[in-house]
Number of protein chains: 2
Amino acid sequence: MERCLVSEAYKNLESVVKLQGWIHKVRKLGRIAFVLLRDRTGIIQCVVDTKKFDIKDLKLESVVEIKGIVKQNKEKFEIQVGDIKIISKALDESPIELNKEDMELNIDTLIDNRVISMRNKKVSSIFKIETEIAHGFSEFLVKKDFTEIYTPKIVSEGAEGGTELFKVKYFDMDAYLAQSPQFYKQMMVSAGYERVFEIGHVYRAESHDTKRHLNEYISMDLEMGFIEDEMDLIKLEIQLLNYIFENLKKRCSESIEVLKVDIPTVENVPIMALSEAISILREKYNKTELTEDIDHEGEELIGKFVKEKYNSDFVFLTHYSKEKRPMYTMPCKEKLTHSFDLIFRGMEITTGGQRINNYNMLKQNMIDKGLNPESFKNYLDIFKLGMPPHGGLAIGLERITMKLLNLDNIREAAFFVRDKKRILP
Amino acid sequence: MERCLVSEAYKNLESVVKLQGWIHKVRKLGRIAFVLLRDRTGIIQCVVDTKKFDIKDLKLESVVEIKGIVKQNKEKFEIQVGDIKIISKALDESPIELNKEDMELNIDTLIDNRVISMRNKKVSSIFKIETEIAHGFSEFLVKKDFTEIYTPKIVSEGAEGGTELFKVKYFDMDAYLAQSPQFYKQMMVSAGYERVFEIGHVYRAESHDTKRHLNEYISMDLEMGFIEDEMDLIKLEIQLLNYIFENLKKRCSESIEVLKVDIPTVENVPIMALSEAISILREKYNKTELTEDIDHEGEELIGKFVKEKYNSDFVFLTHYSKEKRPMYTMPCKEKLTHSFDLIFRGMEITTGGQRINNYNMLKQNMIDKGLNPESFKNYLDIFKLGMPPHGGLAIGLERITMKLLNLDNIREAAFFVRDKKRILP
């Protein structure tokens with residue numbers, strides 16, 4: 001007999017089906033017991049005659065096979081059990097109470113027991129949504145004629161020219177883990193693919209320990225050639241986010257309900273120069289210390305401001321200073337750049353911008369930033385051979401998930417957390 | 001005016017269009033010149049009046065914008081140029097002749113100049129096909145209710161218990177780059193997702209330098225719960241490969257033509273025990289030294305054998321010995337396992353099998369293999385809490401591409417090569 005998924009049981013009313021899954025809950029009521037069986041598609045109640053089956057054998061979280069007749073009980077479907085076979089018996093009790101709606105665990109217990117905690121409906125819903133965000137990103141870009149690429153994570157230098165790199169012993173060479181696919185995605189534009197994207201891990205050896213940072217995280221990157229300026233990227237990101245959220249509504253309706261997700265609209269998103277945001281923060285919120293960048297508190301306040309004034313969950317901040325942006329950023333006027341951040345509910349989830357596509361300008365910019373062009377020869381050389389105007393952006397997958405689901409800590413949105421103290425599980 | 005792609009020019013017959021791309025070739029013929037313009041969708045001939053434009057300025061590989069009228073010339077479309085604007089002038093000559101059909105480069109020149117070599121049609125077609133293979137893999141599995149996962153590449157131990165690991169300095173801990181997502185994909189099955197897949201980099205610090213090995217490569221991994229045995233995986237892989245190849249025919253017809261790809265059929269694939277393959281090699285090919293495993297020459301010969309006897313490009317070899325398979329492999333009879341390899345045109349492209357899902361059996365197997373279960377505690381513990389029978393497989397993306405396209409060296413199918421001597425570009 002073929003396995004029947006929980007979500008399909010209703011199609012077999014009054015027939016015998018074979019279900020397979022985990023024992024979620026057992027409740028004895030005199031001569032019968034209610035066993036909740038859980039598989040990847042849902043949970044169903046199975047009614048067991050305790051004279052025929054010894055309930056003591058049905059330990060929570062054991063994997064079982066249940067054969068029985070599908071019955072309708074008011075609005076719900078249940079199984080009148082004929083046979084139960086234990087496939088894999090749980091040897092221990094679960095260290096956490098999985099069948100509670102809200103487990104209310106502290107973050108360390110949650111992620112120390114990551115694989116087990118994922119069996120809880122609310123936790124598993126986080127990752128169903130997260131994986132569907134990534135899927136929407138990729139699907140939208142494929143429709144827009146982007147090519148998916150897989151660029152190396154073992155690199156010889158940092159894209160941001162920074163020091164926050166993890167070192168790898170690579171045979172007799174010193175190598176590092178890539179901070180971003182920046183150079184490689186630009187190279188792929190130059191290689192003639194024009195429009196490329198990548199969903200992959202990036203590595204930041206930042207030692208601070210906050211609720212917003214991971215040392216290994218999933219970056220959804222894109223890069224495109226033949227743009228006018230960063231406004232083309234901003235427009236693309238608005239379309240992209242709309243697509244992602246509409247796709248979520250279609251494919252994750254159950255998880256959205258379980259987590260009571262408030263899916264934002266992405267319309268009339270305000271776009272303001274960073275300097276304007278800084279003025280607002282100074283004038284409205286008496287936050288006076290900012291000059292050329294915005295801090296975490298500033299992001300929260302400007303998020304609050306645009307929500308109140310424009311009813312928008314998003315705001316694009318543009319025209320960051322040359323000093324604050326990497327050497328490959330296209331300058332704008334004397335001291336600014338064609339760059340932007342996207343703030344979503346008070347947190348930066350995207351950095352993007354137009355890149356320099358002129359060899360001499362890029363080389364000079366490296367020198368101005370105190371970098372040695374020789375160290376970047378491999379990257380720099382591609383600009384000698386015809387490079388279209390181009391730009392790109394990156395969205396942090398765990399960050400957008402965190403803000404969308406209103407999670408308190410980014411670790412809740414990490415499949416397996418890599419932070420300063422954690423390489424397990 | 002909106003940019004018109006080369007592939008769309010025919011839709012604008014007798015109208016003015018704006019094209020953007022690279023100068024692929026220039027040929028002067030008296031008072032006119034033929035300029036071939038290349039963008040991501042193709043190449044088109046542009047007819048230039050040399051009295052109006054100085055051809056000397058049109059250096060090969062410069063990025064230009066051309067405005068002109070679309071004309072039909074017999075079967076082909078061309079542009080009668082009204083205006084040319086140089087967007088990004090090539091400062092150098094290309095070190096390789098990109099506009100030749102066959103560049104006939106040696107492998108080092110090809111990959112040292114990777115970004116430039118990709119501008120050649122034959123080379124770029126390789127990666128169009130490769131990215132579409134990955135896309136087909138993912139699309140098929142999503143249809144089959146698999147969830148895409150992103151597991152950590154920074155890990156605390158090797159999945160294969162081996163020594164071929166790259167070491168990472170991770171704060172004050174010793175960490176390694178993941179050899180495979182093996183433990184994590186099994187964990188995600190246990191976490192209740194049941195069916196998961198991942199397309200991502202894996203790392204093998206093997207120091208041999210062959211045409212078949214990379215030290216960083218792209219692994220297309222899947223894992224599924226509630227299987228009977230490895231035959232379920234073999235059946236799934238046959239369906240999967242069929243889907244991938246049919247998808248290629250639909251979406252990559254031009255690249256298939258350019259590279260003259262012979263797309264195989266995946267029907268009636270022979271499935272034979274490894275011992276049978278070894279007997280065949282001994283009896284038919286006088287290859288007598290094999291006992292419990294098959295070597296590269298053996299793979300080639302058995303590939304030849306099944307092609308001749310069954311007209312199949314594929315053969316599944318099954319029942320590898322316990323000794324030769326990792327500790328998580330489900331045993332079969334006394335000394336064998338529920339495992340398989342898939343040989344495609346004489347090269348292994350997949351390893352897969354059923355995994356042990358019983359805690360005590362897995363622990364004992366670790367001990368039998370001389371491994372310390374304490375080192376794998378985090379992984380082993382998940383088997384205490386109800387683990388369905390499960391298994392999985394992995395396909396090497398560069399390998400399947402290499403064999404499909406009949407490439408001589410796997411490096412030709414690597415976006416950016418990471419081998420013993422190479423971390424650039």
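This text walks through selected contacts in a predicted model. Local features need pLDDT of at least 70 and side-chain atom pairs count only at pLDDT 80 or more, while totals for chains, interfaces and linings use all residues; side-chain values use heavy atoms, with hydrogens and water left out. Residues are numbered from 1 along each chain as its sequence is written, and chains are lettered from A and ligands numbered from 1 in the order in which they are written.

Start in chain A. A:V81 is part of strand β5, residues 76–88. Helices (H or I, at least four residues) and strands (E, at least two) are DSSP runs, numbered from the N terminus. A:V81 counts as buried because its relative accessibility is 8%. Buried means under 20% relative accessible area, exposed over 50%, and partly exposed in between (1.4 Å probe, protein chains only). Leaving aside residues up to four places away in sequence, A:V81 touches residues including A:C46, A:F53 and A:I66. Contact here means heavy atoms within 4.5 Å.

Now turn to the rings. A pair of aromatic rings is described by the distance of the centres and the angle of the planes. Rings of Phe, Tyr and Trp (its six-membered ring) pair if their centres lie within 6.5 Å; planes under 30 degrees apart count as stacked, over 60 as edge-to-face and the rest as tilted. The whole structure holds 36 aromatic pairs over all chains. One of them is edge-to-face and joins A:F171 to B:F166, at 5.5 Å centre to centre and 90° between the planes. This pair crosses between chains, from the loop between β8 and β9 of chain A to the loop between β7 and β8 of chain B. A:F171 is buried at 17% relative accessibility. B:F166 is buried too, at 2%.

Within chain B, B:F183 and B:F376 also pair edge-to-face, at 6.0 Å and 80°. They link distant parts of the chain, 193 residues apart. B:F183 sits in helix α4, and B:F376 in the loop between α9 and α10. Both B:F183 and B:F376 are buried.

Next comes a site taken from a record. The unreviewed UniProt entry places the feature "binding site" at residues including A:R204, A:E348 and A:R399. UniProt positions are given in the numbering used here, feature names are shortened, and annotations may be inferred rather than shown by experiment. A:R204 lies in the loop between β10 and β11. A:R399 belongs to helix α11, residues 397–404. With a relative accessible area of 15%, A:R399 is buried. Its contacts include A:R212, A:H213 and A:E348.

Charged pairs complete the tour. Side chains of opposite charge can pair when their charged atoms come close. A salt bridge is a side-chain nitrogen of Lys or Arg within 4 Å of a carboxyl oxygen of Asp or Glu. In one, A:D408 meets A:K211 at 2.9 Å, N to O. A:D408 lies in the segment after α11 and A:K211 in the loop between β10 and β11, so the bridge ties together parts 197 residues apart in sequence. A:D408 is partly exposed at 49%, and A:K211 is partly exposed at 42%.

In chain B, B:D341 bridges to B:R325, with the closest N and O atoms 2.7 Å apart. B:D341 lies in strand β16 and B:R325 in the loop between β13 and β14, so parts 16 residues apart in sequence are tied together. B:D341 is buried at 7%, and B:R325 is buried at 8%. Salt bridges with shared partners also join A:R3, A:D39, A:R40, B:D145 and B:E194 into one network.
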